[in-house]
Structures are given as C-alpha cells and as structure tokens.
Amino acid sequence: MSLTTAHSVVAPTPISKRIAAVFVIAYALVSIVPLLWIFATSFKTPPDSIAYPPKVIFEPSVEGYCNLFTTRTRQTREYIDSLPAATTFCDEVTRKRNMVIAGPSNFLPRFINSLVIAFGSTFCAVFLGTLTAYGFSRFKVPLADDLLFFILSTRMMPPIAVAIPIYLMYRELGLSDSALGMILLYTAVNVSLAVWLLKGFIDEIPREYEEAAMIDGYSRLQSFFKVVLPQAATGIAATAIFCLIFAWNEYAFASLLTSGEAQTAPPFIPQIIGEGGQDWPAVAAGTTVFLVPILVFTILLRKQLLRGITFGAVRK
Amino acid sequence: MTDARLSNPAQAADAIVRATPRLARTVSGLSDRMVAWLFIAPTMLLLLAINIFPLIWAIGLSFTNYRANRPNEAIDNVGLRNYERILTDPDIWIAMQTTAHFVFWTIALQTLIGFSLAYLIDRKFRGHAFWTTIILVPMMLSPAVVGNFWRFLYEPQIGLFAYAVSFVARIPPTEVAMLSNVSLAPWSIIIVDTWMWTPYVMLICLAGLRSIPDYIYEAAEVDRASPWRQFWSITLPMALPFIMLAILFRGIENFKMFDMVNLLTGGGPGSTTEVASITLKREAFEKWRTGYSSAFAIILFVAVFGLANIYVKALNRVKQR
C-alpha cells in the first residue's frame, strides 16, 4: 500500500484527483443551472417561458427586456393598424401582442435608487469604518474588545426587529421612504463589517512605516493619510465592494421601509406582473440586469472573498 | 490632486502643531488620544442613533399596547403582559419550531455538502480554482431576487425544478407542487437556502483544510495510519474550528431568515413555513400590534445574542485545543 504512494506521501493520487474532479464539476454544473435558466428565460417570449416541457432551445426575443422597461396597454387591432409605423424595436414587439407602449415602467428609477443608496451608504460606511478601524488598530482604546464586540453585535439583530422602531423613528423625522434614510440605515449596518474587515487589513500594515514617517516630521494625521491609506488601498477597495454588495442585495429593510420614491430594485423586481400573473421573462430580464454587476464584482473579489464573508475572522 | 485634498485637514492640523512646537511635544500623547476618539466617535454615534436608540425605544414600546397605525390613540402601559402573552402563545412556539426545523436542516445539509466539496476540491485536481469560482457565484447574489426566481422554477408543470423532479422520479409534474403542498413547502425553502449557502460553508471549510500543514500527514504516513484514521484524527479535528465558525455565521443568518421565505411562500401554505421573522412582520406591519411585536423582537434578539454567545465560547474552547 505504501508503495503506491511512494513518490510523495501526501499528494493525492491521480485516481482520487479524477474522482474528486467528477463530483465537484457535477455539483458546479447543477448549481449553475438556475442562473443559466434566469438568463435563458430573459430572452424567451412569454408563451415560450411557460411552455411544457420547459424549452431549452427557443428563438431568442427581447420581449422580456421591452416589458421590463415599459408599461403597455391593450388596444384593438384596428387602432394599432391606424398608428404610424413603429419606430423602435420594442414598439414592434409590443404591437405584435396587440398592445401599445404607454410609457416607461418604474424599473429604471428603482434601479437608480439602488445605485444611489448602495454607493452612498458604501461611501459613508467605508469612510467611517476606515477611521474607526485605524483608531482601534493603532491606539489603546479603553474597553476596545467590548466596543468591537458591540459593533459586531449590531449586525446580529433580526432586520425586522430593527425595522419596527426605525419605522417609527423615520416617520417622526420625515425620513420614511427617503434615500437619505436608507443610506443612513445601510451605513449603520455596513459599518460593522467595514470596521472588522479594515481593522484586519490595517493590523497587517507594519507600524514601523508610520513611526518612521513621524520621526521624519509627519504628524499623526499626515502619516495616516500619506502612509497608511495608500498601504490599505486594496483592503479598502475589497471592503467597499463587500459593503456595496450587501446594500445592493438587501431586501428586508427595503421592503418594509420603502414603497415608492426610494424603493430599491430587490422589492420591485418580484412585483413585476403582466397580464394574467407574473411576467416571468420580464422578471428574468430584471434579475439579469440586477445580477450582472454582482457577478463582475464576485470575480474581482475572488481572493478576498473568504475574509469578507467571515468578517475578517479567517484570513489567507 | 486627490492627495492634496485628502491631506487638507492633515495640513491644517500640521500647521497648528508647527506653530507651537513645544506645546506639540508636550501634548503629543494627548493628541494621539484625541485622534483615537476623533476617529472612533462618529461610528459610535451613528450606531447609537440607528441601532441603540431604536432598540431602547422598542424596549419602551414593548411594555405598552401602542399601535403604529393609530398614533393618536392613548397609550396604555401594560407592564409585562406582552411578554407573558408571547411566551404562552402556542402560535409563537410553532413559529419557533418552524424556525428551528429550518435552521437545523439547512445547517446540516450545508455542512455536509460544503465540507465534502471542500474535501474534494482540496485534492487539487486540474482546474479546481475555476470550478470553485463557479460554485461560489450563487452565494453573492441577492437572496430576495434569486429566491423570487425560484418561485418560477418550482411552478408545477412549467417550472424547471418540478419538471426535472417529475422526470427523474417518474411522477406527473402536477404532483410536484413544492410551494403549495403542506409537507413539501418547508423543503422548498431549505433547498433554495442550501443551494445558495453551501458555497459559503465550503469556502470556510476549504480554508480549514488548507491550514493543516503537510508534515502532520507525513508523520501519520510514517506511523502507517490508515487514510480513514488520518481523516478522523487529523483532518476533521483540525478543520473543526472552521466548520464551527461557518455554522455560527449560518446559524445567526438563518435564525433571522426573512427575504427568501417571504418571497417563496410568504409563510404559507397556512402557516407551515411561518418562521419567526415572518410572524414578527405580520404582527408589526400587517396587524400593527407595535407594542406586542416589539416585545417579540426583544425576545428574538436576546435569543440570537444568547445562543451566539454560548456558541462563541464553545468555539474558543475548540480553538484552544
């Protein structure tokens, strides 16, 4: 038995590698199917999307995307024929279904809300988080461990439990259904992640750099801005992306605290309905548009992922 | 350019310090302290305003019969009656049981599949990095938006999931009504959660497996320990702190679970999938029993906090071994 592994005692044998590969690849392929299905459905026509058995091969159509960005009204054939020729691609697609585009849908404003709230709260959380992480990393703060635990514990509360008093508070302050209110709330939720992650990153920067700079005549603040910040740039960027993803994906607060003006995309997408129920191609189109930025970020973040999802507890 | 703007406050501070060099030296200890508080205070103030103040408000409300949809009605102090009613309400206990069932099965499945996957990926076959990235994708996506799409996959007849199950199990697709069947509905949520979060457990387990140094296995080979023995006495115990960390994070997250359940089943059919967060939402934002739901929120928070604390202590003990 020891003969077969004589070349290296611990390296896996080629056979075990092959078996492992089969299982892992099988899992990966199965787990990616729902995502591929979202993508495929977004290019189906509504009848194709609900065909039985489910259609794997179909003629691609942009009807889902058209329906996502517009609202439509049903009209008689005669009325549609009396209209001037269709000017846009979506016009044509819609008219084939005996409908006329009535105006833009709410998707774009909701998507813009998502962008504003996610970027706004990420900026605030990373700004505050960097300062606080530096404070905890470099100075003797009384009760530092307790304060850090307090910061983390704010994230353990069930969102609905937090939402009840926030709802009342925002009603008093006039922040209900406002982007500012959501930015404040997401900043508070994200700042705990930012502090914990960034403290890990800043801890890794040797103190000697700042000390050398301070001996050369830099003040504490100068050495923070000119020595520590550039060194921590990668960590700050990774933290920012994690905060961005959280704020972008968040649903519980958004669905309870926003309804119109400041509603973000996650509570909006499930509400997209067509005639006679959910318009699945449009939902799939909205989901695709919504997911693509996250996919890009996930690939960028690959190396920092572990650290991000464990609040910096596991580093590599 | 940006550098100059960033260092503006620094330059201002610097100018003051340079103007009074002797003073600067004498207060240099103090100024560090000032900087520390200056840097930490804003975050603390924000958390106090958005987290702690509302929490205290909720504690206050939990002793009243306040209803948020009738702000002008007189508020009565009901003492501990809300807490008493929650702890004796059978519906609440059913919701807690549903939550426990959900947390238990998701964690069991995710740990089992996640660890196995990590173990297999650690064989370092060719292309493992690429396939690992593919596996990780679902966990980064919005549980609400993707969970919502699973409603379509679960649809009997037209849904891909229902079709695949009926095809494999050779039963008519109309019988695979995942979301409306009382005994299948809880599993429909467990499946989506497992699909989404197994990669999370896998990633942490992988870090655990990779943290085990090769020389331990080499020593075991020298001692002629069987692969089975090596797994149980080296691999598993050394990866255990990581597995427990993954369970801790998943446990807290799933105890709070709201979005996926709300979108997939909304707590139904009946109340078969009504986890604690859904009950809380119904009480607070549909029945508008603000005082009562505040009390329930406090109980939930204490429960998460207490369980997490106990678990962290156990985790530390494992780590020290």
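The model is predicted, with local features needing pLDDT of at least 70 and side-chain atom pairs counting only at pLDDT 80 or more, while totals for chains, interfaces and linings use all residues. Residues are numbered from 1 along each chain as its sequence is written.

Let's start where the chains meet. Counting heavy atoms within 4.5 Å as contact, 102 residues of chain B touch 103 residues of chain A. The two chains bury about 9,300 Å² between them, 81% of it on carbon and sulfur atoms; that is accessible area (1.4 Å probe) lost on being put together, summed over both parts. On the chain B side, Phe39(B), Met140(B) and Phe149(B) lose the most area to chain A, together 8% of what that side buries. Helix α4 (residues 28–61) of chain B gives the most to this side, with 21 residues; helices here are DSSP runs (H or I, at least four residues).

The largest pocket has a volume of about 1,400 Å³. A pocket is an open set of points on a 1 Å grid where a 1.4 Å probe fits, with protein on both sides within 12 Å along at least five of seven lines, and lining residues have an atom within 4 Å of a point. Of its 46 lining residues, the closest to the centre are Arg155(A), Ile309(A), Phe311(A), Phe249(B) and Glu253(B). Helix α12 (residues 227–255) of chain B supplies the largest share of the lining, seven residues.

Methods:
Chains are lettered from A and ligands numbered from 1 in the order in which they are written. Side-chain values use heavy atoms; hydrogens and water are left out. Grid points are joined across faces, edges and corners, and a volume is the space filled by probe spheres set on the points. Helices (H or I, at least four residues) and strands (E, at least two) are DSSP runs, numbered from the N terminus.
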